[in-house]
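Hi,

Here is the structure I said I'd pass on. Have a look at it first, and my notes on what turned up follow below.

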Amino acid sequence: MGDHKDQHLRVGAAVRRRRRALELTLAVVSERSGLSVPFLSQVENDRARPSPSSLEKVADALRTTAVELLAAADPACSVDVVRAEDPDPELAPRVRSLVRGHHQMHASEFTGDHDAGRELQYRNDQLMFVTEGAVEIEAEGRAYRLGRGDTLYLTGGVRHRWRATVPDTRLVVVAVAEHIEAVREGPRR
């Protein structure tokens, strides 16, 4: 079973996630794209595979591109192992990506010190986990000291900065990927 055969399954899920993130109904996407509601439903439920032109129409209706939908649906690495000894030449020597490719979540491991003066702000939520050593994280005007095994959760949009307070500190940061529009669900009716 090749990866390309499963791609349409993942595209349907990516289309549904994007539509829901924009709080659109299938009827609205149908009106914008010129494609029928039953066809769109079949795409989202993995019963139909959109042609390239249909995917473009759906992407336009969802205010994105077919490339972005395919990237969010990337089936090439549905299971991927990143070995500790596999360096990533694109990252600084003290940063190791724990997730390769363009996925819904991203994770990195930082070893040693970090540019403590650099303020960070991510669009989506993230979790910071200290695997070794200790860090100090400044967020929303407060300083938080974390030691081995401690975690700190930050909601998307929170400005923060951090620094290692012990040599050879290891900090794992797991975040919802920047290309994902994570939205908070309102109260259920």
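**The cavity**

The largest cavity is lined by F110, L120, Y122, Q126, M128, H160, W162 and V173. Strand 3 (126-132) and strand 7 (160-164) are the elements that give two or more residues to that lining. Sorted by class, the lining has six nonpolar residues, two polar ones and no charged ones. (Ala, Val, Leu, Ile, Met, Phe, Trp, Tyr, Cys and Pro count as nonpolar, Asp, Glu, Lys and Arg as charged, and the others, Gly among them, as polar.) The volume of the largest cavity is about 40 Å³, and a search of the whole structure finds one cavity of 30 Å³ or more.

For the terms: on a 1 Å grid over the protein atoms alone, a cavity is a set of points where a 1.4 Å probe fits but cannot get out, and lining residues have an atom within 4 Å of a point. Grid points are joined across faces, edges and corners, and a volume is the space filled by probe spheres set on the points.

**Before you go further**

Please keep in mind that this is a predicted model, in which local features need pLDDT of at least 70 and side-chain atom pairs count only at pLDDT 80 or more, while totals for chains, interfaces and linings use all residues. Residues are numbered from 1 along each chain as its sequence is written, and side-chain values use heavy atoms, with hydrogens and water left out.

**The overall layout**

The protein has five helices and eight strands, and along the sequence they follow the pattern α-α-α-α-α-β-β-β-β-β-β-β-β. Helices (H or I, at least four residues) and strands (E, at least two) are DSSP runs, numbered from the N terminus. Of the 189 residues, 36% are buried. Here buried means under 20% relative accessible area, exposed over 50%, and partly exposed in between (1.4 Å probe, protein chains only). Among contacts with a separation of 6 or more, 64% are between residues 24 or more positions apart; a contact means heavy atoms within 4.5 Å.

In helix 3 (residues 37-44), the buried residues are L40, S41, V43 and E44. They sit on the same side of helix 3, because they cover an arc of only 160 degrees around the axis. That arc is taken from the directions from the helix axis to the C-beta atoms. Just after helix 3 comes D46, with a positive phi of about 65 degrees.

Helix 4 has S54, L55, V58, A59 and A61 as its buried residues. Seen down the axis of helix 4, these fall within an arc of 160 degrees, so they line one face of the helix. As background, an α-helix has 3.6 residues a turn, so residues three or four places apart point the same way. P52 and D60 are exposed, on the face of helix 4 turned away from its buried side. R63 follows helix 4 and has a positive phi, near 55 degrees.

S54 is worth a click: this residue of helix 4 (residues 52-61) has a relative accessible area of 12%, so S54 is buried. Not counting residues up to four places away in sequence, S54 touches L35 and F39.

**Three residues among the strands**

R159 is in the loop between strand 6 (151-154) and strand 7. Its relative accessibility is 47%, so R159 counts as partly exposed. R159 and L120 are 39 residues apart in sequence, yet 5.6 Å apart in space, C-alpha to C-alpha. Beyond its neighbours within four places in sequence, R159 is in contact with E119, L120, Q121, E138, A139 and E140. The side chains of R159 and Q121 are joined by a polar contact of 3.3 Å. (A polar contact is a pair of N or O atoms within 3.5 Å; within protein, one must be able to donate a hydrogen and the other to accept it, and residues adjacent in sequence count only if both atoms are side-chain atoms.)

E136, in strand 4 (residues 134-139), counts as buried at 18% relative accessibility. A polar contact of 2.7 Å joins its side chain to that of R145. Leaving out residues up to four places away in sequence, E136 touches A143, Y144, R145, R161, W162, R163 and T165.

Lastly, D115 lies in the loop between strand 2 (105-111) and strand 3, and is partly exposed at 48% relative accessibility.

Cheers

Definitions and conventions
On a 1 Å grid over the protein atoms alone, a cavity is a set of points where a 1.4 Å probe fits but cannot get out, and a pocket is an open set with protein on both sides within 12 Å along at least five of seven lines; lining residues have an atom within 4 Å of a point.
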